[in-house]
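Please keep the sequence and the structure at hand while reading.

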Amino acid sequence: MSTHDIFATLRARTVAILAELLPELPADSFARVQMEPPRDASHGDMATNAAMVVAKLAKLPPPKLAAQLAERLAALPEVAEAAPAGPGFVNLRLEEGFVRAQVASVLAAGERYGDSTLGGGLKVNLEYVSANPTGPMHVGHCRGAVVGDALANLLSKAGYAVTKEYYINDAGAQVQALAWASYWRYLQALLATPEGQALAAAGPASLRDFAASARDRADFESAFTVTLQYGGDYLVPVGQALVAQRGVALAPGADGQPTAAALAEIQATTVAMMMVDIRADLAALGVQQDVFTSELALVQAQAVSTAIATLSDKGLVYEGVLEPPKGKTPDDWEAREQTLFRSTQFGDDVDRPLRKSDGSNTYFANDIACHADKIARGEALLIDVWGADHGGYVKRMQAAVKALTDGKVPLDVVLCQIVRVMRNGEPVRMSKRAGTFVTLRDLLDDLAEMTGSQTAARDAVRFTMLTRKADAQMDFDLDKAVEQSRENPAFYVQYAHARCRSVLRTGGEPADLASAPLEALTDPAELALIRRIAAWPRTVEAAALAREPHRIAFFLHDLAGDFHVLWNKGREDATLRFIREDEPEATRARLALVAATATVIRSGLQVMGVEAVQEMR
RNA sequence: GGACCCGUAGCUCAGCUGGAUAGAGCGCUGCCCUCCGAAGGCAGAGGUCGAAGGUUCGAAUCCUUUCGGGUCCGCCA
């Protein structure tokens with residue numbers, strides 16, 4: 001609930017009246033009563049469905065109840081007119097003074113206008129990005145980063161205590177493969193030094209072979225019977241850093257093999273360096289997370305076996321054999337006994353393996369430990385932002401969290417669909433091998449070149465990523481994202497804010513706007529703008545409840561539209577200009593409205609993580 | 001074979017958790033700048049909400065079936 005939300009205010013009045021009219025009804029009868037802006041502005045400022053929702057319980061025909069309700073609502077000081085309509089709506093037209101007072105509310109509250117107590121300080125853990133630390137971030141991670149970050153801001157504004165978390169997948173086969181790739185780069189770097197060359201020349205035959213294999217990827221792979229999944233050049237600096245830090249200490253022993261300790265150290269160093277890059281990329285996107293949890297650390301602390309034991313104590317773990325997937329049996333399928341979790345008891349389609357047939361833990365098991373860790377930290381609501389390719393994973397994770405907490409802690413998952421990067425209307429081909437692999441850094445650099453500013457690039461990406469529902473596929477058009485035209489919502493909103501600032505600068509930035517005579521605001525376009533502003537608090541709450549930060553972008557687009565309309569009316573009709581030399585009081589009132597508009601735009605952009613510009617250049 | 005997401009105007013998309021005559025931008029059509037707030041503005045046309053059933057006072061929204069598009073389905077993370 002927001003203290004600024006006039007819809008909530010009138011809804012509360014409505015419920016109070018209903019309780020008086022129908023004293024025999026229990027209090028929870030009114031839960032579904034809504035007070036909303038009507039779709040058609042000709043219906044007034046607000047409409048309530050109260051009569052229709054309560055009619056059946058009250059055993060009254062909706063129109064009759066609506067008429068009674070309207071009569072009582074019309075008597076309220078905030079209400080100018082209340083009329084029953086349609087199948088049982090009550091339409092309200094508000095006193096203009098009450099509407100205008102919202103401008104003063106905004107000026108008094110500043111950017112805290114729209115803050116809500118909806119969350120009640122509930123501890124929420126929001127996990128997003130969590131890109132594998134095996135390389136630079138690519139554009140595929142970008143959407144989740146922006147959506148997650150904006151959602152964090154949104155939930156904070158709505159009164160939740162948000163922890164922003166990054167789960168580092170630094171255990172398992174992927175990072176082991178990464179370590180081998182780093183090892184290769186290390187050997188290459190080592191052989192470029194006199195010490196390395198001396199070692200190769202003096203070493204046993206196996207070591208000399210090594211020197212040869214280090215130069216060639218295929219030779220290296222056959223020498224070690226490994227596949228280099230991560231052949232990219234981005235590990236070259238890692239190899240060099242390893243040489244600089246450790247010299248020949250990680251070089252192969254007499255048997256030509258790296259020691260387990262050496263590989264573990266290389267893995268740790270590589271992951272650490274990748275995380276430095278990833279954090280730099282995130283920072284360039286304006287994303288800063290609070291907690292970075294290491295999967296490896298959880299594994300080493302026995303958190304996984306503890307989590308499995310917890311589930312086992314609840315009788316939810318057994319040894320069993322899964323059916324092969326129907327219709328599409330893998331060629332090499334063979335039935336194997338595994339440790340399984342009874343996720344079907346919690347709505348999943350099949351039970352899921354916690355341990356592979358060789359007894360090692362699955363990623364799922366580790367992820368359960370990660371979520372158990374969050375729960376142990378006292379988080380009361382978990383939200384994960386994942387890529388669409390993890391969609392098949394939602395039910396099992398929700399099942400696990402439900403099992404761990406006996407249903408007390410919900411897990412919401414926000415799935416982000418794929419983003420295609422478009423240039424000149426053509427999709428940019430993505431290929432790691434061909435080097436057209438688009439990293440987040442490349443994307444930001446390109447946009448920075450197009451806009452001449454790192455900040456503008458970041459803001460273009462963040463805004464554009466929020467102009468679609470997360471669960472809809474999206475094309476990210478580089479040219480459109482920085483285009484300065486009405487077609488680009490990011491520009492359109494920024495332009496509105498810049499215009500506001502421009503007007504306020506011209507008007508001399510008066511300090512006493514809070515006392516402005518708002519009754520001077522009488523034009524329909526002015527009142528429409530105020531009504532839009534008044535809808536900001538409920539927009540924040542609805543977006544937070546739905547976990548849909550894109551709604552903020554659409555709200556700002558509408559708000560900017562209302563403001564641009566008013567601006568343009570001033571072109572047609574000079575008496576509607578914001579600043580009028582001959583009317584100082586009307587000017588103050590209009591500047592107050594402009595200041596309130598700017599404040600709400602800034603507040604919305606803040607949720608999106610976009611900087612509000614002072615002027616367009 | 002199954003699970004999940006998406007099908008809304010010619011195009012790209014909203015639609016406030018079930019409300020009234022389904023909205024916006026682009027495109028299209030028609031008006032509007034010698035100057036004064038045009039990197040534009042105003043107005044208009046354009047939709048059986050993929051299809052068919054069902055639930056109820058009321059469905060783009062919920063349920064079932066079905067047709068398209070996407071993502072995924074033990075021993076990757």
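**Overall features**

The model is predicted. Chain A contains 23 helices and 15 strands. Along the principal axes, its C-alpha atoms fill a box of roughly 95 × 60 × 40 Å. Of the 617 residues in chain A, 50% are buried. Among contacts in chain A with a separation of 6 or more, 73% join residues 24 or more positions apart.

**Nonpolar cores**

In soluble globular proteins, nonpolar side chains tend to be buried together. The largest nonpolar core here has 161 residues, and L443 and F476 are those with the most contacts inside it. Leaving aside residues up to four places away in sequence, L443 touches V139, V421, V438, V461, F476 and L478.

**The α10 and α11 pair**

Two packed helices are described by the angle between their axes and the distance between the axes. Helix α10 spans residues 236–246 and helix α11 spans residues 260–284; their axes come within 10 Å and cross at roughly 120 degrees. The two helices, α10 and α11, are therefore oblique to each other. The crossing in which α10 passes α11 is right-handed. On the α10 side, the contact is made by P237, V238, A241, L242, Q245 and R246. On the α11 side, E265, I266, T269, T270, M273 and M274 take part. Sorted by class, this contact of α10 with α11 has 7 nonpolar, 3 polar and 2 charged residues.

Helix α11 is also the place of Q267. Because its relative accessible area is 14%, Q267 is buried. Residues up to four places away in sequence not being counted, Q267 touches D170, V175, Q176, A179 and L296.

**A buried glycine in a loop**

G114 lies in the loop between α4 (96–109) and β5 (123–127). With 0% relative accessibility, G114 counts as buried. When residues up to four places away in sequence are excluded, G114 touches S2, H4, K157, W536, P537 and V540. G114 and G159 are separated by 45 residues in sequence, and their C-alpha atoms are 10 Å apart in space.

Which phi value does E509 have, although it is not a glycine? Phi of E509 is positive, at about 50 degrees. R547, likewise a residue other than glycine, has a positive phi near 55 degrees. E509 is in the loop between α19 (489–506) and α20 (524–534). R547 is found in the loop between α21 (536–546) and α22 (550–572).

Are these two residues, E509 and R547, buried or exposed? At 38% relative accessibility, E509 counts as partly exposed. The value for R547 is 15%, so R547 counts as buried.

The table brings together the relative accessibility of the individual residues discussed above.

| Residue | Relative accessibility | Class |
|---|---|---|
| G114 | 0% | buried |
| Q267 | 14% | buried |
| R547 | 15% | buried |
| E509 | 38% | partly exposed |

Methods:
Residues numbered from 1 in each chain as written. Chains lettered and ligands numbered in written order. Predicted model: local features only at pLDDT ≥ 70, side-chain atom pairs only at ≥ 80, totals over all residues. Heavy atoms only, no water. Core = buried A, V, L, I, M, F, W, Y, C linked by side-chain atoms within 4.5 Å. Buried < 20%, exposed > 50% of the residue type's maximum accessible area, 1.4 Å probe, protein only. Contact = heavy atoms within 4.5 Å. Axes fitted to C-alpha atoms, helices over the stretch in contact; angles between N-to-C directions. Helix = DSSP H or I, 4+ residues; strand = E, 2+ residues; numbered from the N terminus. Parallel < 35°, antiparallel > 145°, perpendicular 65-115°, else oblique. Left-handed = near helix turned anticlockwise from the far one by under 90°. Nonpolar A, V, L, I, M, F, W, Y, C, P; charged D, E, K, R; others polar.
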